[in-house]
Amino acid sequence: MSGALQDWKSQKKPFAAVATAPVFWLGLFFIAPMTIVWLYSFGQNAGPADINISGTLDNYKRATEWLYLSIFLKSFAVAALTTLICLIIGFPVAMAITFAAPKWRPWLLLGIMLPFWTNLLIRTYALMALMGTNGYMNKGLGGLWEGASWLRTLVGMQPLEAWTPVQLLYNNFAVVLGLVYVHLPFMVLPLYSALDRLDKSLIEASLDLGAGHFKTFMKIVVPLAAPGIFAGVMITLVPALGAYLTPDLMGGTDSQMIANVIERQFKRANDWPFGAALSFLLIYAMFILIALQSMRANKVKEAR
Amino acid sequence: MFNRTAIAPLEYTRKLWMRSWVGLTMLFLYAPLVVLMIFSFNDSKRNVMWKGFTLKYYEKALNNDSLVEAMVNSLTIAFLATIISLVIGALAAVMLWRFRFPFKGLVEGTMSLPIIVPEICLGVAFLIFFAKLDWPTDLAWPLNLSAITIAHITFCFPFVAMVVRARLASFNREEEEAAKDLGATEWQAFRDVLLPHIKPSLVAGALLAFTLSLDDFVITFFTSGPDTITFPVKVYSMVRFSVTPEVNAASTILIILTVALTFIALKYQGVKGIAETH
């Protein structure tokens with residue numbers, strides 16, 4: 001940044017001109033709504049449309065019941081699994097983009113980004129159409145099954161029973177697959193930007209000195225790309241933890257995630273104070289994750 | 001294409017397993033969308049077998065009044081939210097870039113919160129907020145979209161501010177000082193020196209805000225009144241209750257719109273520039 005910051009007192013008019021609108025908007029349409037939710041989380045239903053903010057902690061107490069605690073844990077497990085799969089799929093893709101010929105690189109990047117710009121609901125819906133009992137995924141699996149059956153007859157064994165379409169949708173598997181599908185671009189882009197900055201001569205040096213590709217990858221590439229890996233993990237984990245649409249449309253009755261429980265408090269169960277408490281617990285969980293990430297980033301800075 | 005030269009150690013992308021890995025990932029990302037687009041032209045009520053080419057579902061989708069209304073609503077909201085987010089976001093970026101003021105860290109941190117807070121929590125907050133205010137839901141178009149538009153601006157403008165601020169970092173403040181030395185007023189210096197410099201980031205920010213607004217389902221779902229419906233909310237209810245090929249047709253139109261917008265962004269920013277905004 002060129003030039004020092006100006007003190008607002010010496011430039012009151014220009015400061016007021018730029019600061020008023022953003023600060024006003026943030027205060028009225030972000031802080032105020034969030035504060036009301038926060039206050040509601042300490043309240044109780046006093047009538048059909050009346051909430052009495054009594055300072056009670058009952059909503060939080062109820063949230064620690066095993067039923068809700070297990071949904072929190074499960075959401076976290078699903079989000080973590082999604083992140084891990086995204087990392088495993090995404091890392092080689094990010095590597096491939098980094099080391100691709102310069103004329104291909106922008107197009108590969110575009111290929112990753114385009115789905116990211118496409119409507120989330122449309123993508124979820126498209127995936128669901130493919131995964132239905134009559135969808136192509138089932139057809140593909142049926143083809144494999146028949147192939148296996150034919151192989152068995154070749155070696156003189158009984159053929160397998162006829163293929164019956166399996167239910168791919170409305171279970172935990174579908175939720176994880178859907179979340180991976182939606183969040184994969186989030187993971188690839190930060191990984192790519194970290195790998196792109198990496199000094200390639202270090203990899204060459206490692207290979208020249210006799211380390212294999214795998215060893216070089218583990219000892220050179222991964223540690224140097226660590227900031228990108230952590231950024232990618234956070235960028236995937238945080239929205240996956242709060243995912244609403246994917247578990248709602250692709251999940252079964254047992255694949256509810258925390259966002260679905262919150263939604264139910266506001267629409268069907270009509271228990272706003274409890275929903276408010278759950279919302280804030282989810283926000284606190286995000287804060288803890290982000291604090292952990294920035295603590296790690298600071299440690300790395302100090303170490304250097 | 002075929003290896004005329006030996007693969008150098010770092011040419012990982014030329015290795016077969018790496019290529020297949022990328023190919024399979026792209027297949028995973030694109031197959032569902034491509035299948036959806038192809039089958040929007042399929043002359044069959046069920047989505048499985050190809051029965052012949054038809055445009056009748058496009059006709060149906062375009063004659064479905066509530067679907068068209070939802071689409072018009074979505075585009076109107078996205079348009080309004082983009083313009084207002086652009087102004088507020090740019091102002092916020094200039095504020096944080098130029099001035100030192102009390103509680104700056106707090107303001108900066110709070111402004112990044114709408115990006116971090118889960119959509120569901122923001123949606124719930126707006127539901128309660130507008131209920132508490134007794135925000136009227138029966139206003140004439142386009143005022144009936146005001147609640148949704150306000151909610152969209154809240155989560156769009158911090159993104160605009162982020163993009164613009166990144167661009168401001170490369171601004172040479174001496175240019176502005178030179179303009180003022182030559183007699184330009186504060187406003188003239190802003191309009192003729194600073195604004196042209198940040199223009200690319202404004203285009204990028206606008207496209208980002210537009211797609212974010214058009215994409216949003218969860219927050220809209222909580223903020224929309226009983227009679228205002230946006231495209232994602234409409235598609236959601238159609239997907240929930242019955243899958244019709246009309247949804248395929250309408251989705252295809254939206255996908256093509258998105259791709260077109262992306263290519264406009266490409267023209268202004270280059271692929272690398274877009275990658276950096278994310």
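F103(B) lies in the loop of chain B between β1 and α4 (104-116), where helices (H or I, at least four residues) and strands (E, at least two) are DSSP runs numbered from the N terminus. Although F103(B) is not a glycine, its phi is positive, at about 60 degrees. Because F103(B) has 9 C-beta neighbours inside 10 Å, it counts as exposed; C-beta atoms are placed from the backbone, and a residue is exposed if 12 or fewer others lie within 10 Å of its own, buried if 20 or more do, and partly exposed in between.

The model is predicted: local features need pLDDT of at least 70, side-chain atom pairs count only at pLDDT 80 or more, and totals for chains, interfaces and linings use all residues. Residues are numbered from 1 along each chain as its sequence is written, while chains are lettered from A and ligands numbered from 1 in the order in which they are written.

A positive phi, about 55 degrees, is also found at N270(A), which is not a glycine. N270(A) belongs to the loop between α12 (258-266) and α13 (272-303) of chain A, and it counts as partly exposed because it has 13 C-beta neighbours inside 10 Å.

Between the chains, 76 residues of chain A are in contact with 73 residues of chain B, contact requiring C-beta atoms, placed from the backbone, within 7 Å. Helix α1 (residues 12-40) of chain A gives the most to the side of chain A that touches chain B, with 18 residues. Strand β1 (residues 6-7) of chain A pairs in the parallel sense with strand β1 (residues 99-100) of chain B over two bridges; pairing requires at least two bridges found by DSSP. Within β1(B), R100(B) is the bridge partner of D7(A).

Key. Two residues are in contact if their C-beta atoms, placed from the backbone, lie within 7 Å.
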